[in-house]
Amino acid sequence: MTDNKEDNLKEFNPNSKFGNLSVPSFNFSSMNWTRREYILGGVLTATLLIMFILAGFLGAAHNKTVPKTCNNARCLEMAAYVAYTMNSSVDPCTDFYQYACGTYSSFKYLEPDHTSRTVMDDVYHRNEDKLRNLLEAPTKRSTEWAAELKLKDLFNSCLDDYLKERRRGRPFIEKILPKMGGWYVLNSWDSNQFDLNSNLKTVQTDLWVAAFWTNSVGFDWKDWDKNVVQLYPAGSGKYMSWSYYTRTDNQKVKDDYKKFMRRLANLIARDSKLNIPDIDSRIEDFVSDAFTMETKLAELYKRSAVNRDRFETSSRITLNDLKINSGNVQFFSLLVIRVDEIGMEEVPHRLDWSHESKGTTYTAVLEHCPNGVIDWVAQMQYEFPNALTKDSSVILYKKDFIFGLGSLVNNLDSGTKNRMLHNYFIWRLLESYATHLSWEYVHANREYYVDIRGQTEFLGTWKYCYQYIDKKMPEALSSLFVRDHFADKNRDKAKEITDYVTKALISEIDDNKFLDSATKKIAKSKLAKTVYKIGYPDFMLSADKLDKIYSSLAINRTDYFQNIMNVNQFEKVHYDNELAGDVDRTKWVYNVYDTSMAVLFYWNEIIVPAGFLQSPLYDYKNPHYANFGSMGSLIGHFMTNMIDERGRYWSEKGKWTPQTWWTNGTKTNYASVKQCVLNYYTNKTQGPYIAPDGTSEMIPIKAKWYARRAISYTTGIKLALKAYRKWESDNGVEPLSPVLGLTNDQMFFVAQAQSYCYNRKNAAAYSNAVRGRVEEDVRTNLAMSQISEFTRAFKCKPGSQMNAPSKCAYY
Ligand SMILES: *[C@@H]1O[C@H](CO)[C@@H](O)[C@H](O)[C@H]1NC(C)=O
Ligand SMILES: *[C@@H]1O[C@H](CO)[C@@H](O)[C@H](O)[C@H]1NC(C)=O
Ligand SMILES: *[C@@H]1O[C@H](CO)[C@@H](O)[C@H](O)[C@H]1NC(C)=O
Ligand SMILES: *[C@@H]1O[C@H](CO)[C@@H](O)[C@H](O)[C@H]1NC(C)=O
């Protein structure tokens with residue numbers, strides 16, 4: 001079989017546009033035949049006929065080994081895509097990436113606000129277009145409780161400019177401000193009624209806006225069956241980074257930000273239709289209060305250390321301890337502060353130790369948290385009533401910040417303290433909810449963005465609303481996608497590919513030279529237990545199950561702002577339930593329509609969402625050389641990760657095992673394999689790029705960092721090819737691709753390279769390379785040149801670029 005493939009290759013000429021294809025054309029009408037010529041013609045025809053018949057017999061005799069050409073629509077479509085993307089005037093043995101992807105950038109343009117575009121991006125955007133059509137299509141299930149109706153009503157309420165324009169800022173004035181007891185600027189707030197903890201509950205939990213902290217619910221790295229709350233600092237403006245407040249060289253950014261605050265406050269004041277004589281000075285107070293608070297938070301942030309391993313015991317504290325036991329010494333932190341950066345008067349409530357070094361005074365400080373300023377037990381139980389008690393532990397990412405909040409509040413000037421806190425909370429709410437009001441509010445945001453970034457591009461309403469539902473109702477959106485765009489057959493066939501690749505890996509493990517027998521046994525057992533999430537979870541097809549997920553969410557087609565508030569509460573309840581239960585390993589961490597494939601070591605899982613299983617990456621109707629070449633290689637790559645020098649740290653149950661499950665013998669053997677790859681990648685460069693100073697620059701690859709990745713990437717391709725061979729022997733040799741004149745093996749490699757075609761601006765590529773990223777072209781070429789099956793398929797001579805003189809042992 002292999003020999004016959006080699007025969008096909010003899011005619012292959014990489015320098016003609018489509019390999020060996022030639023289309024002769026005759027002009028019959030111009031032929032003026034004599035009688036003799038007719039006779040000769042007849043003889044010729046008969047001879048030709050006999051030849052054809054003979055050829056038929058011969059063909060039949062070789063049927064098993066000489067594949068025919070496939071001319072159905074799908075093969076033609078695939079061949080056209082391949083032909084359109086490749087540059088066949090490049091020699092595949094010199095630069096395979098350019099051969100496979102050479103024309104990609106000339107027809108896949110970069111959008112103005114993008115610096116890069118890849119085949120995966122193309123698939124992602126096509127999925128988005130599909131979703132767009134589905135969202136605009138008539139609702140199929142329109143009972144009041146149907147998830148599909150809720151999704152489309154939410155989306156349409158977002159798109160409804162007419163209602164938003166009529167209401168302007170009133171939803172904020174009518175639905176938010178009363179919950180906060182009014183607002184100083186509108187003269188509707190009473191300072192004596194202010195209560196920090198009840199305001200915090202309203203802001204943080206009822207209105208779902210992060211003012212002092214933000215939290216995430218995720219699984220606990222020290223107990224992987226449980227979820228845990230992590231608290232992070234919060235309080236900076238949407239487009240402000242913490243350092244913008246504390247730096248002194250960026251007055252313009254700060255001024256622009258204040259302008260933005262003023263702009264929104266003025267709009268609300270206008271829409272309240274109240275006549276307040278001193279409105280301007282009230283707005284100035286508001287801006288100053290909010291900005292001052294944020295600056296204080298930024299200073300606190302700056303002097304707070306990050307907990308490197310935030311799942312360590314020292315990063316955990318029970319809510320009760322957090323609330324009252326600030327004397328818990330274990331929890332005191334040692335900060336080293338340069339006194340000339342922060343004046344001592346600004347850091348009261350501290351035990352100090354200081355010393356001088358090179359003219360700078362350094363001070364170590366211990367932070368006190370004044371008792372009960374923030375009632376953490378009440379706050380967190382209000383947010384997570386089902387899940388948390390006073391004895392529940394939370395994880396602090398920057399514990400100094402969380403601890404410092406109490407003293408920050410205590411140290412505010414008592415005369416303006418309440419007003420400052422309240423104004424700050426209103427600003428957090430206003431900045432967060434303004435984008436859900438009329439265009440003037442949305443554009444106030446945008447103007448600010450133009451001020452600071454000079455960037456005028458705007459998402460547009462559709463994209464904006466799409467991004468919102470993408471974040472908030474992903475299951476409903478996924479279900480739409482799956483039901484209309486993804487056949488069960490696609491999922492089943494994708495599973496089949498996975499099975500073939502798994503078997504190829506298992507057999508490679510059997511033959512492997514550097515894994516010893518004990519390691520092989522565990523590796524195989526781990527692979528047998530690896531969970532594959534492919535396509536979509538079954539519940540996506542059940543309308544009832546989907547409706548149940550959203551049963552507590554009320555959506556009103558004509559009340560967008562209320563919808564936002566409802567969605568926020570829905571999200572809050574969702575997190576509470578998630579925290580109260582065990583970690584759900586059946587959960588999909590990616591949306592079904594995402595174009596990502598991933599390996600999750602901690603669940604011993606490989607996930608390939610339906611969004612990825614799209615042409616040209618995969619489609620069960622596509623020829624299998626393409627499916628194995630692109631998707632199969634990636635699956636092989638991730639499977640290799642499960643057992644490689646990274647995967648060895650995780651057990652088959654997904655538990656982190658620092659001593660690893662590789663034996664010492666395997667570790668020793670592997671060292672020489674790794675060294676071989678390291679040697680090959682060392683001193684390789686990528687580029688040339690135009691550096692910022694205008695010179696042309698080749699950038700060395702960070703071989704030490706990349707070697708492990710190179711091994712799994714290269715192994716993935718080898719596995720997929722092996723799997724494809726097995727598939728061929730089980731299912732018969734596939735007919736050849738039309739038009740291109742390439743063998744199936746060649747098509748396999750072209751498909752593999754073509755899943756990584758990209759178009760990238762020089763600046764982006766340059767900064768990638770400087771950061772150590774090995775760009776797709778270099779990655780492809782270096783891997784292929786190490787694969788002897790590749791060298792054979794394209795007949796790359798010894799000494800050619802794509803035929804490495806020595807090939808390392810891979811898995
Ligand atoms: C294809 O490759 C040839 C040879 O390297 C080059 O001259 C030509 O510009 C390439 N075509 C495109 C569209 O990049
Ligand atoms: C939807 O909201 C509008 C206000 O915009 C209200 O008049 C209407 O009663 C609401 N519909 C439902 C079903 O709650
Ligand atoms: C493997 O090597 C480590 C460190 O080199 C050593 O501590 C350990 O005892 C060895 N294990 C076995 C089973 O030899
Ligand atoms: C890389 O280049 C340096 C300097 O030219 C040379 O000394 C070294 O041996 C090379 N390393 C490999 C692995 O080729």
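**Largest pocket**

I looked up which elements line the largest pocket of this predicted model. Strand S2 (213-220), H17, H18, H19 and H24 each give at least two residues to the lining. Helices here are DSSP runs of H or I with at least four residues, strands are runs of E with at least two, and both are numbered from the N terminus. H19 gives the most, with 6 residues. I noted a volume of about 1,600 Å³.

I wrote down the terms for this search. The grid is 1 Å and covers the protein atoms alone; a pocket is an open set of points with protein on both sides within 12 Å along at least five of seven lines, a cavity is a set where a 1.4 Å probe fits but cannot get out, and lining residues have an atom within 4 Å of a point. Points are joined across faces, edges and corners, and a volume is the space filled by probe spheres set on them.

By class, the pocket lining splits into 19 nonpolar, 16 polar and 12 charged residues. Nonpolar means Ala, Val, Leu, Ile, Met, Phe, Trp, Tyr, Cys and Pro; charged means Asp, Glu, Lys and Arg; the others, Gly among them, are polar.

**Conventions**

I number residues from 1 along each chain as its sequence is written, and chains are lettered from A and ligands numbered from 1 in the order in which they are written. In this predicted model local features need pLDDT of at least 70, side-chain atom pairs count only at pLDDT 80 or more, and totals for chains, interfaces and linings use all residues, while side-chain values use heavy atoms, with hydrogens and water left out.

**Cavities**

How many cavities of 30 Å³ or more does the structure hold? I found 7. H8 has the largest share, 3 residues. I sorted the lining into 5 nonpolar, 4 polar and 6 charged residues.

The second largest cavity holds about 70 Å³. Among its lining residues are Asp 161, Lys 164, Glu 165, Thr 435 and Trp 439. H8, helix H18 (439-453) and helix H19 (461-472) each supply at least two residues here. H8 again has the largest share, 3 residues. The classes come to 4 nonpolar, 3 polar and 3 charged.

**Salt bridges**

I counted salt bridges next. Side chains of opposite charge can pair when their charged atoms come close. The cut-off is a side-chain nitrogen of Lys or Arg within 4 Å of a carboxyl oxygen of Asp or Glu. The structure holds 42 of them.

Asp 559 and Lys 175 meet at 3.2 Å, N to O. Asp 559 sits in the loop between helix H23 (543-549) and H24, and Lys 175 in helix H9 (residues 170-176), so this pair ties together parts 384 residues apart in sequence. Asp 559 is buried at 18% relative accessible area, whereas Lys 175 is partly exposed at 21%. Buried means under 20%, exposed over 50%, and partly exposed in between, with a 1.4 Å probe and protein chains only.

Arg 428 and Glu 294 pair at 2.6 Å, N to O. Arg 428 lies in helix H17 (residues 417-433) and Glu 294 in helix H13 (residues 279-302), so the bridge joins parts 134 residues apart in sequence. Buried or exposed, I asked of Arg 428? Arg 428 is buried at 5%. Glu 294 is buried too, at 0%.

**Arg 760**

I finished on Arg 760, in strand S14 (residues 758-760). Arg 760 is buried because its relative accessibility is 13%. Its side chain makes a polar contact of 2.7 Å with the side chain of Glu 775. A second polar contact, 2.9 Å, joins the side chains of Arg 760 and Glu 776. Such a contact is a pair of N or O atoms within 3.5 Å; within protein, one must be able to donate a hydrogen and the other to accept it, and residues adjacent in sequence count only if both atoms are side-chain atoms.

Beyond neighbours within four places in sequence, Arg 760 has contacts including Leu 110, Thr 115, Ser 116 and Asn 768. Contact here means heavy atoms within 4.5 Å.
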